[in-house]
Amino acid sequence: IFDKKGSLIAEKSVRKKITVDSFEATNDRNLQNRLQLSFELIPGEYKLVLNLTDLDTQKNLRREKELHLKSFGFNKIAVSEILFADYLVQDSLNQIIEIFPNLDRNFTDPNSFFWAFFKIHPMNSRDSLKITYTITDALDQAIVRDEQKVFTTNNVLPYLFDLSKHIKAPG
């Protein structure tokens, strides 16, 4: 991660071994390899640089993306961007260990699970919050409207919402 002056402010490096059964499978576009890295950043302008290196061939792939992180006012509640996921790992206390984002936000298997994950930043840690949500279809027609009451215990409330029970068709 680089700041707007071009200075490196955060970095992470991960080695992950990926194996397949045959050489033909190495070019299978249906295979998915997902990895999540998180960075705690203050609001501002950043550039994300992703470098992937195939350790067998030493070939590199580089991608860059400009990021604008919003500043939240302290006099109101704030909600992060929504991360859609179709696979996650939780511990015995239902705390999220790892979440695998569905980057194209398209769910093709109606029998699988899929979630929306976001963080709520309440005005104070003793607020109770009423979350009202609507899920719409491709024609912008409401298919689900519901609300839930949640109680906060700290300054950031991670919220995992199971969409599986509401969405019956792929898309």
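**A tour from the loops inwards**

Start by selecting Gln58: its relative accessibility is 52%, so Gln58 counts as exposed (over 50% relative accessible area is exposed, under 20% buried and anything in between partly exposed, with a 1.4 Å probe and protein chains only). You're looking at a predicted model, where local features need pLDDT of at least 70 and side-chain atom pairs count only at pLDDT 80 or more, while totals for chains, interfaces and linings use all residues. Residues are numbered from 1 along each chain as its sequence is written, and side-chain values use heavy atoms, with hydrogens and water left out.

Stay on Gln58 and check its backbone: phi is near 65°, a positive value in a residue that isn't glycine. Most residues other than glycine have a negative phi. Gln58 sits in the loop between strand E2 (44-53) and strand E3 (60-69); strands here are DSSP runs of E with at least two residues, numbered from the N terminus.

Next, jump to Asp140, another non-glycine with a positive phi, about 65°. Its loop runs between strand E8 (128-136) and strand E9 (142-151), and at 59% relative accessibility Asp140 counts as exposed too.

Now colour E1, E2 and E3. They form an open sheet in the order E1-E2-E3, with antiparallel pairing (two strands pair if DSSP finds at least two bridges between them). E1 and E3 are the edge strands with a single partner each, so one side of each has no neighbour in the sheet. Zoom in on E1 and E2: two bridges join these antiparallel strands, and Asp3 stands opposite Tyr46 in E2.

Time for side chains. How many aromatic pairs are there? The count is three, where rings of Phe, Tyr and Trp (its six-membered ring) pair if their centres lie within 6.5 Å, with planes under 30 degrees apart called stacked, over 60 edge-to-face and the rest tilted. Select Phe118 and Tyr159: the ring centres are 5.3 Å apart and the planes at 40°, so this pair is tilted. Phe118 belongs to strand E7 (residues 115-121) and Tyr159 to strand E10 (residues 157-162), so the pair links distant parts of the chain, 41 residues apart. Phe118 is buried at 12%, and Tyr159 is buried at 10%.

Then try Lys12, which lies over the face of Phe39 at 4.8 Å from the ring centre (the rule: NZ of Lys or CZ of Arg within 6 Å of the centre and within 35 degrees of the ring normal). Lys47 lies over the face of Phe2, at 5.9 Å.

Finally, colour by pLDDT, the predictor's confidence in each residue from 0 to 100. The chain's mean is 81, and 86% of its residues reach 70 or more.

Definitions and conventions: Helices (H or I, at least four residues) and strands (E, at least two) are DSSP runs, numbered from the N terminus.
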